[in-house]
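Have the model open while you read.

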Amino acid sequence: MRCALELREALEAASQALARLSADHHAPGVSEPGAAPLAHPHPRLTQRIGLASGTLFAGRVGGATRYEYTVMGPAVNLAARLMAAADDGEVLLAPSVRAAVAGQVLLEDRAPLMLRGIATPVQPARAVRMASGAGVARSTAGATRLATAPLIGRDAELEALLAAGRSALAGRGGVIALVGEAGTGKTRLAAEMLQHLVRASAGPGAERVPPFGCFLGEAQSYAQRTPYAALRTALDELLGRGVQGADQPLAARLARRIGELAPALVRFAPLLADALGLAPDDSALTAALTPQQRYDRLQELVVALFQGAARHEPLLLIVEDLHWADLASQELLDRLAAGSVDLPILLVLTYRPEPPIAAPWDTLAHTLRLRLGELSAEDSAALLGALLGDSPPPALLALLERAQGNPFFIEELVRALVAEGVLSREASGVWRLARRPDEVELPTSVEGLLLARLDRLDEPRRELVQLASVIGRRFPHPLLAEVYAGPAPLDTSLQDLVDMEVLQADHADGDQAYRFRHALLRDVAYAGILYVQRRALHSRVARSIATGRHDRPDEQLALLAWHYLHAEEWAPALTFHLRAADQAARRFANRDALALYATALTVAERLGAQPAATDLPNRLAEIHERSGELQLLLGEYDAAEAHFRSALAQVGAAASEPWLRLHRLLASVEERRSRYAAAFEWLQIGLARATSALRLEAARCYLLGAGIHFRQGAYTRAMEWATMGLRLAERIGSLADQAHAFKVIGNLYRDQGDNLRAIEALESARTRFARLNILSGQSDTLNNLGILYTRLGRWPETIASFEQSIQISESIGDVQAVARTANNLAVVLVGRDQLQRAEELYRMSGELFGRMGSALGVAVTTQNRGEVLLLQGQPAAARDLVAAALASYERISARNFLPEALRLAAEIALTLGDLAGARAAVEQALAVADELGMAPEAAAARRVRGQVALATGDLVAAAEDLALSRAELARLDGRYELGKTCYHQARLALARGDSAAFAVARAEALAIFTELDARRDLELVQAL
């Protein structure tokens, strides 16, 4: 529009210049003798302009040898017809353009025209000149401001929300999921619910709710790869960061607040840096955590903080636009939703059905999921009337069909009718029809209406809106001010846009900021920016953020990557994508990291077209390798292999460290697939060309191979490879690899029955893990040591090892390790007749396994609790627990756990006097143990079969089974089980009247149980 008017002025100036030239040419003494006078001594250039808007085709039209670039479509045809109908110097506007520029251009009506090819009359407008900017903007805003409509057509939904909210805040907990397309009113409905709950918390009556705290979060489309971005504002507010005790160091303030809300987890306070976007300041403990442990402990800490806050005061957390949330925030909300049962916590989550999200809270019993649909025709008409403050004119009702019951569409349609002059406000404030609705052409989508509204802004304010849209739906004022370069004062223009209901002030987290009134407004503004201009704006914003003068630039790596990507500045785009991906991987946000790496590959390909990209193969290899490592971690072996092969192709054939490492990684893929031969092929290819400069990677190849040989039962080869790996690790001084090697060697000695050398190797591993502060390695090695000490009958050392392992596992929050080791410790305590403590440990272990979803862990602890009940004289209750464990083992195909459980079932049946049941159970236990080659279990089962024979009076069979059991257990050095067999041999000798054999067996049993301090068993032997 502006161009058309300026072109008219420029043409007039050109005509005047030509007239002056012509006059000078015909002045006396200038013209050539005999020259004929010009037909038009004062030439004048004229033009006619027609403007229309709409969708068009732009592209190459024609054949292979002759073509032209052109535009086609109904809007082009209409513009051409208007141009033909215009007078010289006239600019005619189609109705759609008139709507777009109303308020910015002075217009005059023209009579309706019948145009060729268009069936109905078209009433154009004549453009006179541009109107003044700010004054028009504000006057138009005031004239077109609509009434604030009450919530219409959502009574049932609101009542359901309020019922769920009252129940949740009263202490039952609850989740509300509001799902609907853009513009259906999710935010408005949540706000209405909040207002009702606030009023109910302040007033009397049956519907009163307790006072509650409210926290807000919001996801942004451009922050999807920034872990915890959707919850950062809410977490900041929960922790009171920057508000309370600002004179103290931040770490002290955070620790104090965590001490108030989640005191048991204060030791993990440094992990909050990952969620808050702060520079890490790890303690010795948090520095020792693996990425997965950091992720899990942080998630547990944040959930505990919200739960702790709810115990002080009921809590409402609203998170909007969750379809754009980062995956870490989504998983945290899943955990918080599951943990809100029986706590006064209400989660309100709003999101669109597309793109779909996992939404695991939908399956929870305390979740209310509401899908917001279209308003009915009656409700749409009521909303239209509410916006106008009166009953709508009947002629407008037909237009509501195109809105399809979308409240936001209806509101924008009314704005467009006002802008088109169809509706006008009288002095009394009442809206009346000024024109027939069918005289104007309105966009048929809400996006089209928004585009028309933005097009009606004057140029400075339209450019400001576009700049803001590049920053995001919410944009801080300092950042906008730095990149803004418009002619009008920034604050004045922002206020104009607030008055026109395009923007609104937003001071949710204490800073000076603005936001688009609706997410669609931002999306439409962004889509309307010219491609070249968009690149330039992204570049300006990125450079401003990267200077570090704004909010935590180190925590905006993913945002910087996004801006540089859209700026098509490929070098910084690649750098920031890699930095953001690495950061996400360190925080165990693996899916986000993979997405960033995938985009980095695309950027690298674009960068490869530039001559200066000499290091590109190494960068590509780096991206592929890191992607493969993440997918290996996630169990996506095909994708991992493809990435490793691509990386190998980039590093070339030279035997470098990356080359050998990739061979090891490809072997790891095959090892995870249990394709051991293929794994060894990769290892052998790599090791065949390994040089002395590659000792570190060679050591790791040998250790991987040792582990594979170990799983195959090839103990000799496994020991050879592990020893070679250890030697290389010692030469280069790598303590971590030495610790790994000693651990593998210790397990090999253990399975070969060389228990003393196994302990020596495992102690070497533990010492190195301790020096490196690798807590998970220490915990695991101590657990292995405890198992070995149990086998040797060194129970005090067993208990000490298990207790140290549990202590370390608890300090790092490794629930699985705590559950595993607690179960192992309880086994020893049963032997020491500390049944009450053993029962407590078994229950704790079972609960932990249950929370982790480990069916096997639950089954094992259930079986062990059954043993405790048997020893406490409750065989009937013990039978039920063992039967449940057996059913679980069968269901999950855990056959190697069957022999012990069946042996215990036989002992229970024997105690209950069910000799037939005892015989059947022990025969099955022995058969499975022999089938699986489980010699210790087979020996124990033979003892129980001897007990059954003794109970039935078959002393010959009893003697045979007990003798076989004793010989095998002595060979295996199974001290505790050997003592139990000796005890039953003493019982057999009593039954036979063989006092000499009785004395020998009893003395041996007494010696073993005294050595082990197995008090319960010792009492049984002493009672003989």
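## Helix α23

Let's start with α23, a helix of 17 residues (570-586) that reaches 24 Å from its first C-alpha to its last, close to the 24 Å expected at 1.5 Å a residue. That expected span is 1.5 Å times one less than the number of residues in the helix. Helices (H or I, at least four residues) and strands (E, at least two) are DSSP runs here, numbered from the N terminus. Bear in mind that this is a predicted model: local features need pLDDT of at least 70, side-chain atom pairs count only at pLDDT 80 or more, and totals for chains, interfaces and linings use all residues. Residues are numbered from 1 along each chain as its sequence is written, and side-chain values use heavy atoms, with hydrogens and water left out.

Among the buried ones are W570, L574, F576, L578 and D582. The cover over the buried residues includes α11 (291-312), α22 (557-567), α24 (590-607) and α25 (616-633). Just after the helix, F588 takes a positive phi of about 65°.

## H577, inside α23

H577 sits in helix α23. Its relative accessible area is 3%, so H577 is buried. Leaving aside residues up to four places away in sequence, H577 touches A561, W562, L565, L596, T599 and A600. Contact means heavy atoms within 4.5 Å.

## V483, at α18

Helix α18 (residues 477-483) is where V483 is found. V483 counts as buried because its relative accessibility is 4%. Again not counting residues up to four places away in sequence, V483 touches L467, I471, R540, V541 and S544. As for R543, it is 60 residues from V483 in sequence, yet the two are 9.2 Å apart in space, C-alpha to C-alpha.

## Strands around β6

Now for some strands. β6 (residues 125-130) runs antiparallel to β4 (residues 91-93), and two bridges join them. L107 has A127 in β6 as its bridge partner. Two strands pair if DSSP finds at least two bridges between them.

## The whole chain

Zooming out, the chain has 45 helices and 16 strands. Its C-alpha trace spans about 155 × 80 × 60 Å along the principal axes. The radius of gyration is 40 Å, while a compact globule of 1024 residues would come in near 31 Å. That radius is taken over C-alpha atoms, and the globule rule is 2.2 Å times the number of residues to the power 0.38.

Buried residues make up 51% of the 1024 in the chain. Among contacts between residues at least 6 apart in sequence, 64% join residues at least 24 apart.

## Cysteines

How many disulfides does the structure hold? Zero disulfides turn up, a disulfide being a pair of cysteine sulfur atoms within 2.5 Å. With a relative accessible area of 26%, C214 is partly exposed. C982 counts as buried because its relative accessibility is 0%.

Conventions. Buried < 20%, exposed > 50% of the residue type's maximum accessible area, 1.4 Å probe, protein only.
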